[in-house]
Amino acid sequence: MKFLPLVASSLIGSMFFFCGLKTQARDIANPPLKSDFIVNDEIKTGADQLEAYLPLLKGKKVGLMGNQTSIVGARKEHLVDVLLREKVDLRFGFAPEHGFRGDIERGEKVSNDKDARTGLPLYTLYGKNDKQDSIIQSIDVMIFDLQDVGARFYTYIASMHRVMELCAKHNKELIVLDRPNPCGDQIDGPVRKDDKFKSNVSLHKIAMIHGLTVGELAHMINGEEWLENGRQCQVTVIPVRNWDHSKMYELPVIPSPSLPNHLSVRLYGALCLFEGTDISVGRGTDWPFQVVGYDNPVYGDFKYTPGEKAGMVKHVEGKGQTMYGQDLRGLDADQQKFTLKYVLDFYNKMPDKSKFFARPEFFDKLAGTDELRKQIIAGKTEDEIKASWQKELSEYKQMRKKYLLYNDFE
């Protein structure tokens, strides 16, 4: 397994978008490296490039959407601590689905509170918050720094969309500190077309495995006019240095409680579809998204029993029951790409197939279509199913090319 450490960078590429105006782009020459976070010439995320974005914050009131993945440099300092030390006028933090420190399980309540370490006021964009407009009006510029994992249903990109909506509505600048996509070496799955399936897990008309960084997606959201009423958000992206879509990247900090390592991140795109079923993907164990099972020996010889784990106490499928299935922990993480084989295998083995799609509406939202579920029920093979979405996937790839900030993998 290749591990590319997180280090600093200075490359800036920015695009500015103004409400009601066409997109305009400009490039900023690379400033000299001055950060004491630089340890070598390998991958350098946007957050590591202090000399690139600190001047953009000078004299301005600043808000931040971040969490435990918002780290700076080899010492993994939280961006909040760095900004405050640099005397940035930081007014508040927005918390995504898993909370500001990343310890809240999927779908649980994220409340308005304060960061225990710094006292920074925290607000949520997850769920209803009537104060969001007044909160965003209190600042001049917003920073977005969350580590995405490259799947359409991972809700951090929905959080960015909401931030863009607020910034566009109130004419506030958004600075996106870009990070590598750990699954950016692939594009696969159905493209969400019909707004019938639009939800927090399928907000954008992109492929299930979208092959974008959040910076690239921000440009796509603007360029395709996906914000409400066709608004444009004034966006500056601080891109990653020394990375492209062909490079493998292991996250230095887990993005959420149920994705504890590189293998879970690489398998997530294929296994998350099980969330529309009662099949266990290892929540409540030490190996979430690395094992798959159900309470019947027909599914395999590997056995495990989900229990209670910090951050995974809620919504544990098969809690307290013996699960039988597959142990994926020995797989080479770098070699894993999106596949339907796990879902098809468990469906085909289920004695009563009418019980497989326990939450069909949610399965369809994850897939971005009801066609995938219907194809599985009809007994289609993986090759047949994948062939059915190639036309739309090809069209998506062409659109995606317009917004790439990095060399592509193909």
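**Exercise 1.** List the buried residues of helix α6 and state what they pack against.

Solution. Begin with the residues: His262, Leu263, Ser264, Val265, Arg266, Leu267, Tyr268, Gly269, Ala270 and Leu271 of α6 are buried (under 20% relative accessible area, with a 1.4 Å probe and protein chains only). Helices here are DSSP runs of H or I with at least four residues, and strands are runs of E with at least two, numbered from the N terminus. Next, count: ten of the ten residues of α6 (262–271) are buried. Then look for partners: these residues pack against β12 (207–209), β14 (291–294) and α7 (341–349).

The model is predicted; local features need pLDDT of at least 70, side-chain atom pairs count only at pLDDT 80 or more, and totals for chains, interfaces and linings use all residues. Residues are numbered from 1 along each chain as its sequence is written, and side-chain values use heavy atoms, without hydrogens and water.

**Exercise 2.** Find which residues touch the most other members of the largest nonpolar core.

Solution. Such a core is a set of buried Ala, Val, Leu, Ile, Met, Phe, Trp, Tyr and Cys residues joined through side-chain atoms within 4.5 Å. Of its 86 residues, Met142, Leu174 and Phe274 touch the most other members. Helix α4 (residues 156–169) gives the most to this core, eight residues.

**Exercise 3.** Locate Asp370 and decide whether Asp370 is buried or exposed.

Solution. Asp370 sits in the loop between α8 (360–367) and α9 (371–377). Its relative accessibility is 14%, so Asp370 counts as buried. Beyond neighbours within four places in sequence, Asp370 is in contact (heavy atoms within 4.5 Å) with Lys196, Phe197 and Asp364.

Note on methods: Buried means under 20% relative accessible area, exposed over 50%, partly exposed in between (1.4 Å probe, protein chains only).
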